[in-house]
Amino acid sequence: MKTPEEKVASGKIIAVAAAGIIAVCGIALAIVLANVSNDNHDYSYEYSEEFDGITITDYKGTATELLIPDEIKGRDVMEIGESAFFDCKNVTTVSLPDGIEEIEACAFKNCTALTTINIPDSVEQIDGYAFSGCTGLTEITIPDSVTTIDGRAFDGCDNITITYRGQQYTAEEFNREF
């Protein structure tokens, strides 16, 4: 059985080895889960710090109107993570900052009260089912900067009109096309 001193030394060696592997492999500098609260609103985010910026990974709160910050702790918010706002039934409006490059799979899935969201020109990719089940969305404009849209991004958005590259689509048409 190890003494307490041996356990501490062993833990330090493992931590240093893990940091070395992360640095050598170019993996995220750190994956840190923490809460960011906005003093003016009734919500907070969890996020991860990755090598290229911040990914919002979760939302907690009851606010209906969300303003996603453009930076957290001096680092740019680059992505809305997978299922970050999944099933947030209270959210009606989301304002995304310039700088967001990707909206990951199921990011806003089943946000049934969501009626308004802007997609800034910085977004390049929208992953599958990102807005699936957002039955309150009736219109959305996808900027030309978006070059990758994975399947069924708007699945179940029965009353939506999607404008993309000068064309208008229903969710069903859009899902078939892209």
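Glu 79 lies in strand β6; strands here are DSSP runs of E with at least two residues, and helices are runs of H or I with at least four, numbered from the N terminus. The model is predicted, so to speak of local features requires pLDDT of at least 70 and side-chain atom pairs count only at pLDDT 80 or more, while totals for chains, interfaces and linings use all residues. Residues are numbered from 1 along each chain as its sequence is written, and side-chain values use heavy atoms, without hydrogens and water.

Glu 79 is buried, meaning under 20% relative accessible area with a 1.4 Å probe and protein chains only (exposed is over 50%, partly exposed in between). Leaving aside residues up to four places away in sequence, Glu 79 touches Ile 54 and Glu 102, among others; contact means heavy atoms within 4.5 Å.

Strand β6 (75–80) also gives two or more residues to the largest nonpolar core, which has 45 residues. Such a core is a set of buried Ala, Val, Leu, Ile, Met, Phe, Trp, Tyr and Cys residues joined through side-chain atoms within 4.5 Å. Phe 85 is among those with the most contacts inside the core, and its partners include Ile 80, Phe 108 and Leu 66.

Leu 66 leads us to a sheet: this residue stands opposite Val 94 in β7. β4 and β7 pair in parallel over three bridges, where pairing needs at least two DSSP bridges. The open sheet runs β4-β7-β9, with β4 and β9 as edge strands.

How values were computed:
Lys, Arg positive; Asp, Glu negative; His and termini not counted. Salt bridge = Lys/Arg side-chain N within 4 Å of Asp/Glu carboxyl O.
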